[in-house]
Amino acid sequence: MSGWDRELATIWTNNVAPSRPSHSEMFVYTQYLRQLQKKSNKPIKLLVLGSTPEFRDWGYDENLIVHVVDKSEEYYETVSREIRHKNLQEHLHISSWEEMSFDEQFDIIIGDLSIGNIEPNKFDDFLINIERALAPGGLFMGKSFIWRDDEPVKSPRQIVDEYNSSIHIHPYTFINHQLGLYCLDKASFLIDFSKMYQELSDLHRIGYIGDELFSFFTNIGWNTEMKFKFFSPSQEFFQRKVNEHLSFVAFEHTMDIYTNVFPIYIAQKRKTEVTK
């Protein structure tokens, strides 16, 4: 749903969670990796959707065979500056996720916010490709904006007031998910980043938020490179769609403040069961 280039990649590297995986999220993924490792006597093959450095370094740390699929080599090269393991050996495939073609190759497919960057009318095509690319019993895991119908929606002023009463939480991490829920179009499952920026800009203009707080949101692309809409399905819709192609296992939650609307999802290619 977006044009991924060097400018957007550079902006992305300045972001924090939930726009990047947190340590507690990586712990959850590792738990599921351990379950696969107990059942396999061969190297685990990992496919990373996008160029997320945290996943690629994780693959190196865990001695996995790492493949990356990204539709922009320019984006991949820019984000690769963030890699801790500069001698990381991996295989790069240039393709959109809706058009990638692999046959039962991967034990794990993982993506951070990958769901949000799928065109809603191509979600089935995406899931078909995920199912085809997974080895039998393989896992599809990731985090994205996937909400519950009963999730309370707060106004931008309420969100800012709560942030001002909080301590030791990055403003982007605190505000992002709640403002996204306020700006979500539940009928289309879309969040418009430019609308999120406008809400904060309006509060800044009338003096409800100061320059320092507003500065955390002026260079993250919401009003420039990321001026696009983000696919954000409900949990009910997501689970139903996943079960048409895979076996939905669980929504996992961490201690992160945003986990209620950015859960980790776990799904499996049908053959064996994963126990929690």
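This is a predicted model: local features need pLDDT of at least 70, side-chain atom pairs count only at pLDDT 80 or more; totals for chains, interfaces and linings use all residues.
Strand β9 spans residues 264-268. The strand is mostly covered, with 5 of its 5 residues buried. Two strands pair with β9. Strand β5, residues 134-143, pairs with β9 in the antiparallel sense over 5 bridges. In this pairing, Met-141 stands opposite Ile-266. Strand β8, residues 247-252, also runs antiparallel to β9, again over 5 bridges. Here Glu-252 is the residue opposite Ile-264.

The largest nonpolar core holds 64 residues. Leu-49, Phe-126, Phe-140 and Trp-222 touch the most other members. Helix α7, residues 171-183, gives the most to this core, contributing 6 residues. A second, separate core has 22 residues, among them Phe-55, Trp-58, Val-66 and Tyr-76. Leu-49 has contacts beyond its sequence neighbours within four places. They include Phe-126 and Phe-140, two of the residues that touch the most other members of the largest core. Further contacts of Leu-49 are Val-69, Trp-97, Met-100, Ile-109, Ile-110, Gly-111, Ser-114 and Ile-130.

Tyr-29 sits in helix α2, residues 23-39. Its relative accessibility is 0%, so Tyr-29 counts as buried. Leaving out residues up to four places away in sequence, Tyr-29 touches Phe-55, Trp-58, Ile-110, Met-141, Gly-142, Lys-143 and Ile-264. Tyr-29 and Arg-56 are separated by 27 residues in sequence. Their C-alpha atoms are 13 Å apart.

Helix α8 covers residues 193-205 and has 13 residues. From first C-alpha to last, α8 reaches 18 Å, close to the 18 Å expected at 1.5 Å a residue. Its buried residues are Phe-193, Met-196, Tyr-197, Glu-199, Leu-200, Ser-201 and Leu-203. Just after α8, Gly-207 takes a positive phi of about 85°.

Ser-232 lies in the loop between β7 and α10 (235-243). Its relative accessible area is 0%, so Ser-232 is buried despite the loop position. A polar atom of the Ser-232 side chain is 3.1 Å from the backbone oxygen of Phe-230. Beyond neighbours within four places in sequence, Ser-232 contacts Phe-145, Trp-147, Leu-184, Phe-189 and Ile-191.

The peptide bond from Ala-17 to Pro-18 is cis, with omega near 10°. Pro-18 is in the loop between α1 (6-13) and α2. Asn-63 has a positive phi, near 60°, although the residue is not glycine. Glu-104 lies in the loop between β3 (90-94) and β4 (106-112). With a relative accessible area of 47%, Glu-104 is partly exposed.

Conventions
Residues are numbered from 1 along each chain as its sequence is written. Side-chain values use heavy atoms; hydrogens and water are left out. Buried means under 20% relative accessible area, exposed over 50%, partly exposed in between (1.4 Å probe, protein chains only). Helices (H or I, at least four residues) and strands (E, at least two) are DSSP runs, numbered from the N terminus. Two strands pair if DSSP finds at least two bridges between them. A nonpolar core is a set of buried Ala, Val, Leu, Ile, Met, Phe, Trp, Tyr and Cys residues joined through side-chain atoms within 4.5 Å. Contact means heavy atoms within 4.5 Å. The expected span of a helix is 1.5 Å times one less than its number of residues. A polar contact is a pair of N or O atoms within 3.5 Å; within protein, one must be able to donate a hydrogen and the other to accept it, and residues adjacent in sequence count only if both atoms are side-chain atoms.
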